[in-house]
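Dear colleague,

I am passing on the structure below, and would be glad if you could look through it alongside the notes that follow.

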Amino acid sequence: MAFLGFVMLLCILGAQATMDLQNAAAMAAGLCKAKPTDLVFIIDSSRSVRPAEFEQVKVFLNKIIEGLDVGPDATRVGVVNYASKVKNEVSLKSYKTKPALIKAVSKIEPLSSGTMTGLAIHFALNVAFSATEGARVKSSDISKVAIIVTDGRPQDNVQDIAAKARESGIEIYAIGVGRVDTNTLKQIASEPLDEHTDYVESYGLIEKLTQKFKEAFCVSDLCATGDHDCEHICVSIPGSFKCACREGYTLKEDGRSCSDCIDAATDVVFLIDGSKSVRPENFELVKKWINLIVDKLDVTERNTHVGLVQYSSTVKTEFPLGKYNNKKDIKEAVRKMPYMERGTMTGLALTYVVEKGFSVEQGARPLAAKVAIVFTDGRSQDFIGDAAQKTKDKGIRVLAVGVGSAVEEELKEIASAPANYFYSADFKAINEIGKKLQITTCPDEDPCECQSLMKFQKKVDDALQALSKKYILFSMYLSNNYRSKWEEGALEVLQPLSSGPSAFIPAEVILKEAAGQEALTDSLSSDSHANHVTSVMGMHPAYLNCFLRTQNALLQPDGPLPLSWRHYIIILAAARHQCSYLVQLHRSAFLLAGGDESWLRGIHCAPPKVQRLQTLNKLLAHRPWLITQAHIQELVCPGAEPRWSLAELIQAVVLICHAHSLASFIWGCGIHPEPDCTAEQTSPKPSPASNKSSLSSQDGCTHQQEWTQALNEVQLLMEKMMMVQQQEEEFTQEEMVTRFERERTESLLELAEVGRTVLPDSVSRFVWDPDFIYQDFSPRGEQAPPTMRAQDYSWEDHGFSLMNRLYGEMAQLLEEKFQVVCTLTYHTMAMHTDVDTSTLRKAVWNYIHCIFGIRYDDYDYGEVNQLLERNMKVYIKTVACHPEKTTFRMYNNFWRQFRQSEKVHVNLLLMEARLQAALLYALRAITRYMT
């Protein structure tokens, strides 16, 4: 719906007028915000308005003002008083606080002369709404609104000047009292008139409009409803939103997209060698060098914080993180730093920085990127290996700078990456090193840089043009080969599609329902997914953005594991589910990242360290509940060779779980191989007797009956959802457990009649122990493993915390992705609108976790059986547990009258719920190992 501006003043008309449905839903959901507005009251104080009545007008104005968010960046309020002349009582720039504004309104006196309403509107247009009086430039973020209160017939012309005011972008509301001429109100007010005009019989009744204003001031929280285009984070502001970036990124000039540098929220700690060998004159050079680097940083409360630690035989914090929030104070503190002048205990100093320098007690921010700049001039007098490893395990980016007698091998060991150590033989040359350091500044991007696969794709315009051509060709193919027709609203689908992004979803439907096609451009900058996946995910652009950011972060060049290793790990994980789509995609990426081609001969050719992941890989793929701390200990125990560090292992676990869940999505949505890919993955085949959908029929009568039945299924589901939402009955804890056990042990899945697939060699070579496949969490007749109770170990209370310690950036990205997919809604269901689908989304999520043996004590699992019909359960369990067995018939038979985008939404929920379940079992095992 298009509004001229002031959404929060909708429905000030008659007492019987109803509030806009969108805002009503927002109010019910608590999603109301006040929109920044330049609001001018134009009040009639002519002779016909008695003094007592004028006081009632001022009370009315002040009650409205009380409900506003008054401020320079929120709502600015002005008051124009008129009779035969016009007086600007309050300008938009006059008052920044609500109490002062209310006091000023209370002091306004009536002018008590004629009624020159046209003159008042002219004054408002040219003076009250001018920049000199505090008005802001009208934009989509700021509205201009005038509310006119009058009780008589104007003595001048209002029609022309009111039209001019409306054309300038001012939205006008007209309130008439008593003897007012109603035709005048219509000439003044904006369209639609029934929303912009109101009438009360006397000033004593004008207060009844106050509540209407309070309701109308509700503007949907655009962040909560997803109606924004922020790349990373949407921040609600009154009536609008602004964009922000994840930790480690900065907002670009367009105010929407983010730059992949780490200007935002970075904690930088300098660790400075103050040993005897440095000498006083060189120590002064070091302090100047520190200040040179500080000058390059964006030191603010929000962005970069700086701490300083000096060491010799002991370690001392000169000043902690966050003590100073401006460069001047930091540089002054650096200049005053005294010289310690003793030994060189670099290992001790590194340990100190890990345990104390980046501690919350010393000002570190949990979500900020962590950078340590280590400066030394000689060989350490203690062992640095374990301490250096601790910095890597904690995700600290370490820049090692050595001068003079510094040992290059030690610098390499200290640095978090090979490119992060620097050496100069002369103290006088350290300024050149300072200029080379990239700490929180953004290096110029080279669009042809091939070191990062994320920047290796074609330019976006060329890629989109190619994508468009592909869809044009595919549409031509559809016209000749895709046999479908609408008969009284039912689509007859005879067979899976043999081309296009998906075998299950027609390409024109993808293009039609993917409202956020601009999100597809982002997909071309990532190195781990291709157009078919993102085309389907693009039906839900808010989720796609989160997915792409997470995937890009997993495969960015920096990290504990080499980029080629990460691609290889994804190959191993994808092979467990026979997903040659991902296998082939990452084979190419593996080679481009500099991987050893011999590894692609099979898992037996990979290094022993990689081979040792295979047990964890198969458990995460098929039976994650069997993972124990012993599996973790076998990989990270100091005596194990080759040993995995915790930082490496946590990244590997996320990569494996990511690939497994993405394979579920690929199979669940019938994703076709890319046209330029040599993948051997076959398209999903129709099950026996599935050549026709459940809604097709040769008999028109039967066809109509099945169509009616499908509609009834939707209506029945709507009624069940309503019952669940209104249910007030409380069950005992024993009953809740019983319902969970009933759901968990119920044998629901009838496996598709598909024989065991013979894996192509390109996939089977990466599979170790192929006979290890999915088995129900609690097979009939067998003792089930202990259920994981969410109250004992959950993502919110335990998993996120551990992930944040070991892999901070990824924890934030995963949390955002889980939140987006769980709250994603368009308030529609099949042909219905304004539907609260929260209970249905929760049932899908909790059913998947139930399959994996995870129980929520506060959830009634009886809702799962009420809301998820059998065909849907069959589909969900197949895609979650053995996705390679997914068939076209399974996809086609659930939710027969729902939109394709709604079925894709189910797959997104399924993918993320499966991902979180597997991560929880792995993280619980790591937690037990660490404790």
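**Confidence and what was found**

The protein averages a pLDDT of 78, and 73% of the residues score at least 70, where pLDDT is the predictor's confidence in each residue, from 0 to 100. This is a predicted model, in which local features need pLDDT of at least 70 and side-chain atom pairs count only at pLDDT 80 or more, while totals for chains, interfaces and linings use all residues. Residues are numbered from 1 along each chain as its sequence is written, and side-chain values use heavy atoms, with hydrogens and water left out.

Over residues 515-530 pLDDT stays under 50, and the model has 55 contacts beyond four places in sequence for them, a contact meaning heavy atoms within 4.5 Å. Where pLDDT is low, the predicted coordinates should not be read in detail.

Turning to the sheet, 6 strands form an open arrangement in the order 4-3-2-5-6-7 with mixed pairing, two strands counting as paired if DSSP finds at least two bridges between them. Its edges are strand 4 (86-90) and strand 7 (197-200), each of which pairs on one side only. Strand 2 (residues 37-44) and strand 5 (residues 143-150) run parallel and are joined by 7 bridges, with Lys144 in strand 5 as the bridge partner of Asp38. Helix 2 (residues 51-66) packs on the sheet, where it touches strand 2, strand 3 (75-82) and strand 6 (170-177). Strand 3 and strand 4 pair in the antiparallel sense over 4 bridges, forming a hairpin with 3 residues between them, and Val80 stands opposite Asn88 in strand 4.

Elsewhere, the axes of helix 20 (residues 541-554) and helix 26 (residues 646-668) come within 11 Å and cross at roughly 135°; axes are lines fitted to C-alpha atoms, for helices over the stretch in contact, and angles run from 0 to 180 degrees between N-to-C directions. The two helices are therefore oblique to each other, since angles under 35 degrees count as roughly parallel, over 145 as roughly antiparallel, 65 to 115 as roughly perpendicular and the rest as oblique. In this contact, Phe547, Gln551 and Leu554 of helix 20 meet Gln651, Val654, Leu655, His658 and Leu662 of helix 26.
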